[in-house]
Amino acid sequence: MKSKDQRSNKPLELNLQTNISYIREILGNSSDIVIREIRIGNNVDVGIIFTDGLVDSAAISKFIMETLMMDFPQVESQDLDLLPLLKNKVLTVGGIKYVAEFDAVFDAILSGDAIVLFDGYSQGFNICVRGWETRSVTEATTETIIRGPKESFNENLRTNTAMVRRRIKDPRLWMESRQIGTLTKTNVEIMFINGIADDKVVDELRKRLDRINIDGILESGYIEQMIQDETLTPFPTIYNTERPDVVAADLMEGRIAIFVDGTPFVLLLPVVFIQFFQAAEDYYQRSDIGTLLRILRFICFFIALAGPSLYIAITTFHQEMIPTDMLINLMAQREGVPFPAFVEAFLMEVTFEILREAGIRMPRAIGQAVSIVGTLVVGTAAVDAGMVSAAMVIVVSITAISNFVFPSTNMAIPIRILRFPLMALAASFGLLGIFVGVIALLLHLCSLRSFGVPYMSPMSPLSLGDLKDTLIRVPTWAMSKRPHFIGQKNNIRARTPKPKPPKSRE
Amino acid sequence: MNNRIFVSIILISFSLLLTSCWSRKELNDMAIASAIGIDKSGKQYRVSVQIVVPSEVAAKQGGGYETPITLYTTTAKTIFEAVRKMTTLAPRKVYLAQLRVVVFGEAIAREGIGPALDYLARDHEIREEDLYTLIAKGNTAEDTLKVLTRLTKIPAVKMFGSLKTLNRYWAPTSVVQLSDVMFDLITENKHLAIAGIQIVGVKEQGDTKKNVEAVDPATYLQFADTAVFHDDKLIGWLNESESKGYNYITDHVNKTAGHGTCPNGGGTFAIDVIRTKTKVTGSIEDGKPRIDVAVHAEGNIADIECDIDLTQPKSIEQLQKEAGDKVSEVIKKALNKIQHEYKSDVFGFGEVLHRDTPRAWKKIKKNWNDIFPTVSVNVNSDFKIRNIGTMGNSVYQPSEE
């Protein structure tokens with residue numbers, strides 16, 4: 001994205017001092033802009049301009065200043081133009097190119113490159129000496145696993161793309177870069193495997209990215225919200241992850257990744273509903289446990305969604321469904337509870353949401369205090385005080401814990417939201433209300449699309465071959481094809497035969 | 001467009017509120033009835049409902065009054081009115097969906113239980129399939145429901161539990177669900193037989209807490225005998241052995257225990273019956289109806305109290321024969337009593353003849369009540385011993401003299 005501002009889009013002057021003062025003026029004399037003036041060779045004045053903190057100071061002093069000031073005088077310089085000579089024979093740096101306009105100069109300075117200007121030349125050098133403090137590569141905090149790679153992305157775009165490149169060493173892994181944000185000029189890269197990813201989807205993504213016109217992109221969430229298909233839905237239609245192995249796996253399935261500088265969260269698209277139930281570890285462990293965990297996650301999905309509403313519906317409308325002994329116990333617990341079951345459930349759910357939110361936002365140092373108070377509130381004290389029944393505490397707890405089972409927090413959020421309308425439906429209409437609510441939810445899910453891919457694929461529309469990685473996870477040797485619903489190009493993933501021992505010769 | 005969405009959201013949320021949660025019942029607004037007892041008082045029904053006091057029953061919680069149940073009794077012209085009238089006594093609405101047992105007093109049973117059944121069948125809360133029916137032998141239902149029980153705090157749940165176990169391990173009780181009662185009443189050619197329950201001990205003491213504080217309660221409930229009906233009227237009782245015979249014929253024996261006399265005189269042996277199957281077939285012989293009852297039973301030897309060499313296949317055969325004869329004997333006794341004393345077709349032989357010889361049945365149908373006592377019944381039982389327990393010969397060998 002070119003800045004439309006006419007101010008800086010003018011060519012460099014011949015006079016060094018004019019250029020420097022112009023730069024000073026535009027950058028408002030900012031204190032972090034360093035302008036170093038030196039004199040080299042045959043008394044040529046040189047100005048080195050860079051932003052303190054964004055550059056590698058050692059590289060500047062060693063590869064720029066030292067070469068220019070100490071090595072250069074020894075080079076015979078009469079027979080050549082100064083600039084090509086310096087570029088080709090003197091400066092021992094990797095990334096170097098000419099700049100001739102202020103536009104490029106400012107971009108370079110503010111992105112961490114050094115600008116070298118020469119008195120008497122209307123051209124200068126843009127030397128890549130970027131080097132700033134970044135968080136090191138650490139273990140993933142949002143998607144933890146037991147078996148599998150532990151590293152996760154950090155805030156540095158290049159580190160992140162390198163981590164994926166290290167996993168897929170194929171020339172068909174393509175990256176496209178663009179800058180988004182009139183102020184932030186954030187680097188955004190899309191990455192896909194040419195020949196596997198659907199070209200139409202890539203084109204569509206380019207179009208949607210180009211449509212973005214905003215002052216700043218601080219996180220990939222900005223991009224997600226501006227390119228998603230459907231905005232009126234609680235369900236995520238774009239996946240995000242901070243695991244490089246997940247990105248690599250999804251690229252190989254034909255998805256496209258969007259890297260945004262400054263955030264460890266990488267976007268993946270197109271996605272389907274089932275993807276939010278697939279943890280990276282499902283594929284690293286053997287298929288039997290992978291399948292069991294899938295099923296467990298689906299059970300948890302329903303508990304987290306409908307746990308409290310089922311409790312409300314059954315205890316206030318359908319008491320005949322409860323075994324006598326349990327009913328008597330429940331009644332004994334509710335003896336003296338002043339609120340209807342719905343209010344009781346609502347109270348507990350809201351209490352839990354407060355605790356959870358506080359747990360995330362509060363300073364780490366007082367975490368202990370909140371968890372102690374929280375345990376008391378949700379636990380026995382509320383029951384002893386006669387505010388809620390013990391059974392309700394169990395229901396709310398199991399609901400809350402089920403909500404944490406999903407590998408992706410993205411899917412936990414819509415469930416957390418939809419739980420409340422379902423509770424209201426249950427309190428008004430009983431089980432009937434819950435079923436109507438769930439059916440409405442299902443219809444909504446079937447209507448969603450993520451970059452043209454139906455959200456409920458491969459279940460609806462049904463694609464039998466792709467069911468191998470849904471409710472069950474078949475062994476890796478049996479997953480021979482890439483998901484059909486993402487792209488039809490280059491569908492064969494593996495041709496490994498089923499492993500078996502050699503036939504006995506005796 | 002936006003306006004329309006806004007209006008529809010408002011309307012939907014109003015409709016949620018306006019339903020006012022109809023038919024909603026909070027748990028603490030209900031009184032769970034565990035048993036219902038029906039008696040007659042003059043021309044009116046006297047209905048007793050055993051209500052569970054949850055705080056007394058639930059584990060670890062104690063109230064102040066310390067009886068796990070309470071009994072509400074009202075009198076009205078119809079059962080429905082009587083149940084509704086209970087609101088004058090109870091602070092909460094009586095909830096009938098968890099009923100476990102329905103007990104009829106002997107008096108009303110002799111008058112006829114048919115009219116009383118309609119309400120029980122028609123009410124949407126009551127589930128006939130899961131509701132055991134009992135007749136209070138020599139008593140009113142009200143008194144029966146008053147007796148407190150040990151081990152299981154709620155008497156109705158005690159009865160329900162006992163009936164289930166009895167049904168599985170002890171044949172002499174006829175376990176009948178309310179739906180079976182209705183089915184048998186509708187079935188033209190079959191009469192009812194319902195298990196009886198009686199109060200043993202001092203009737204007046206059963207409803208106090210003192211009763212259950214003793215190791216050996218002075219008053220308790222016991223299942224005994226089977227009530228034989230003609231149409232919907234009680235006409236008499238079968239004792240334990242006859243009840244067993246009745247259950248063999250109607251194929252209601254799952255597991256039971258029996259005994260026999262050892263072949264070489266003296267001493268008894270006990271059999272743990274593990275599986276039985278009865279086939280009843282009807283035929284016409286010389287213009288007269290004839291019923292064949294074939295019982296196939298399997299069992300294990302449970303107890304040997306005589307001198308017999310179990311290692312010999314021959315002795316097992318002898319025991320099998322003896323056990324089979326014993327079953328036939330039990331069946332014949334029951335047949336004798338029902339055919340000749342009560343003259344009520346509780347076995348459903350009429351239904352068997354209807355099924356097996358439909359043409360002949362048309363002729364005898366009208367006079368079936370007169371013919372039933374004269375029908376010749378051929379009993380054939382075949383017993384197989386599968387296992388002799390964890391021991392060969394008995395340790396006890398009577399010394400030979």
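Trainee: How many Å separate the centres of domain 1 of chain A and domain 3 of chain A?
Mentor: Keep in mind that we are looking at a predicted model. Chain A is divided into domain 1 (16–127), domain 2 (157–271) and domain 3 (288–454). Taken over C-alpha atoms, the centres of domain 1 and domain 3 of chain A are separated by 63 Å.

Trainee: Thanks! Which residue in β2(A) is the bridge partner of A:I35?
Mentor: Start with the two strands. Strand β1 (residues 33–40) and strand β2 (residues 44–51) of chain A pair in the antiparallel sense over eight bridges. They form a hairpin with three residues between them, and A:G41 in the turn has a positive phi of about 35°. Across this pairing, the bridge partner of A:I35 is A:I49.

Trainee: Which residue in β9(A) does A:V188 stand opposite?
Mentor: Look at strand β7 (residues 186–193) and strand β9 (residues 256–260) of chain A. They pair in the antiparallel sense over four bridges. Opposite A:V188 stands A:V260.

Trainee: Are α10(A) and α15(A) roughly parallel or antiparallel to each other?
Mentor: Two packed helices are described by the angle between their axes and the distance between the axes. Helix α10 (residues 287–316) and helix α15 (residues 390–402) of chain A have axes 8 Å apart and pack at an angle of about 155°. Angles over 145 degrees count as roughly antiparallel. The two helices, α10(A) and α15(A), are therefore roughly antiparallel.

Trainee: How many residues of the contact of α10(A) with α15(A) are nonpolar?
Mentor: Among the residues that meet are A:C300, A:I303 and A:Y311 in α10(A), and A:V395 and A:T399 in α15(A). Three residues of this contact are polar and no residue is charged. The number of nonpolar ones is eight.

Trainee: Is the crossing of α16(A) and α17(A) left-handed or right-handed?
Mentor: Helix α16 (residues 409–429) and helix α17 (residues 431–447) of chain A have axes that come within 7 Å and cross at roughly 145°. Among the residues making the contact are A:L418 and A:F429 of α16(A), and A:L432 and A:L441 of α17(A). The contact residues divide into ten nonpolar, three polar and no charged. As for its handedness, the crossing is right-handed.

Trainee: Last one! Which element gives the most to the side of chain B that touches chain A?
Mentor: The contact takes 23 residues from chain B and 21 residues from chain A. On the side of chain B, β1 (30–41) and α2 (54–57) each supply at least two residues. That side divides into twelve nonpolar, six polar and five charged residues. With three residues, the element that gives the most is α2(B).

How values were computed:
Residues numbered from 1 in each chain as written. Chains lettered and ligands numbered in written order. Predicted model: local features only at pLDDT ≥ 70, side-chain atom pairs only at ≥ 80, totals over all residues. Domains from an automatic or database assignment. Pairing = 2+ DSSP bridges. Axes fitted to C-alpha atoms, helices over the stretch in contact; angles between N-to-C directions. Parallel < 35°, antiparallel > 145°, perpendicular 65-115°, else oblique. Contact = placed C-beta atoms within 7 Å. Nonpolar A, V, L, I, M, F, W, Y, C, P; charged D, E, K, R; others polar. Left-handed = near helix turned anticlockwise from the far one by under 90°.
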